[in-house]
Amino acid sequence: MVVFEKRGAKEDRDLELKFLRIISGNSNLNALPGRFQLVFADKKSNTTGMQLADMTARPIGVSIIRPRQSNRAFSLIRPKLIRSKIDRKGHRGIIVYP
């Protein structure tokens, strides 16, 4: 299951279409392995997983968009990411989709 926070009917539909293209291989990205189910969670559900995503997504995103900017939150998150081979920007465990 991949859980996304609800935004609005149009935004959710657009996201679902893009997500389905990616997992089916009908995009410029490689198809994701395995079977995934898309789930939209209401903001009111306030789940632990969504709170964690909220706290980590911005620091990770800022580290990609502005790699030279000081980012103490990302400095704490980075060692905890799943490690894989180093990408072009020197990150481990991060895959950046266009």
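# Briefing: fold, salt bridges and a pocket

In the protein chain, residues 24 or more positions apart account for 43% of the contacts with a separation of 6 or more, where contact means heavy atoms within 4.5 Å. This is a predicted model, so local features need pLDDT of at least 70 and side-chain atom pairs count only at pLDDT 80 or more, while totals for chains, interfaces and linings use all residues. Residues are numbered from 1 along each chain as its sequence is written, and side-chain values use heavy atoms, with hydrogens and water left out. Here is a friendly tour, topic by topic.

**Overall fold**

- The protein chain has three helices and two strands; these are DSSP runs numbered from the N terminus, with helices being H or I of at least four residues and strands being E of at least two.
- Following the sequence, the elements come in the order β-α-β-α-α.
- Of the 98 residues in the protein chain, 17% are buried. Buried means under 20% relative accessible area, exposed means over 50%, and partly exposed is in between, using a 1.4 Å probe on protein chains only.

**Salt bridges around E5**

- The salt bridge count comes to three, a salt bridge being a side-chain nitrogen of Lys or Arg within 4 Å of a carboxyl oxygen of Asp or Glu.
- E5 sits in strand β1 and counts as buried at 15% relative accessibility.
- One of the salt bridges pairs E5 with R7, at 3.3 Å from N to O. R7 is exposed, with a relative accessible area of 57%.
- K43 also forms a salt bridge with E5, and here the closest N and O atoms are 3.0 Å apart. K43 lies in the loop between β2 (38-41) and α2 while E5 is in strand β1, so this pair ties together parts that are 38 residues apart in sequence.
- Leaving aside neighbours within four places in sequence, E5 is in contact with D12, F40, A41, K43, M50 and D54.

- D14 and K10 meet through their side chains in a salt bridge of 2.9 Å, N to O.
- Both residues belong to helix α1 and are four residues apart, about one turn of the helix.
- D14 is partly exposed, with a relative accessible area of 32%, whereas K10 counts as exposed at 53% relative accessibility.
- Looking across the salt bridges, those that share partners join E5, R7 and K43 into one network.

**D12 and its surroundings**

- D12 lies in helix α1 and is buried, with a relative accessible area of 13%.
- D12 and F40 are 28 residues apart along the chain, and their C-alpha atoms are separated by 7.9 Å.

- About 200 Å³ of space lies in the second largest pocket. A pocket is an open set of points on a 1 Å grid over the protein atoms alone, where a 1.4 Å probe fits, with protein on both sides within 12 Å along at least five of seven lines. Grid points are joined across faces, edges and corners, and the volume is the space filled by probe spheres set on the points.
- The lining of the second largest pocket, meaning residues with an atom within 4 Å of a point, consists of V3, F4, E5, R7, E11, D12, L15, F40, M50, A53 and D54.
- β1 (2-5), α1 (9-24) and α2 (48-65) each supply at least two residues of this lining.
- The lining residues divide into six nonpolar, no polar and five charged. Ala, Val, Leu, Ile, Met, Phe, Trp, Tyr, Cys and Pro count as nonpolar, Asp, Glu, Lys and Arg as charged, and the others, Gly among them, as polar.

**N71 in a loop**

- N71 is placed in the loop between α2 and α3 (72-77) and is buried, with a relative accessible area of 15%.
- The side chain of N71 reaches the backbone nitrogen of F74 at 3.0 Å.
- Beyond residues up to four places away in sequence, N71 touches P59, V62 and S63.

Note on methods. A polar contact is a pair of N or O atoms within 3.5 Å; within protein, one must be able to donate a hydrogen and the other to accept it, and residues adjacent in sequence count only if both atoms are side-chain atoms.
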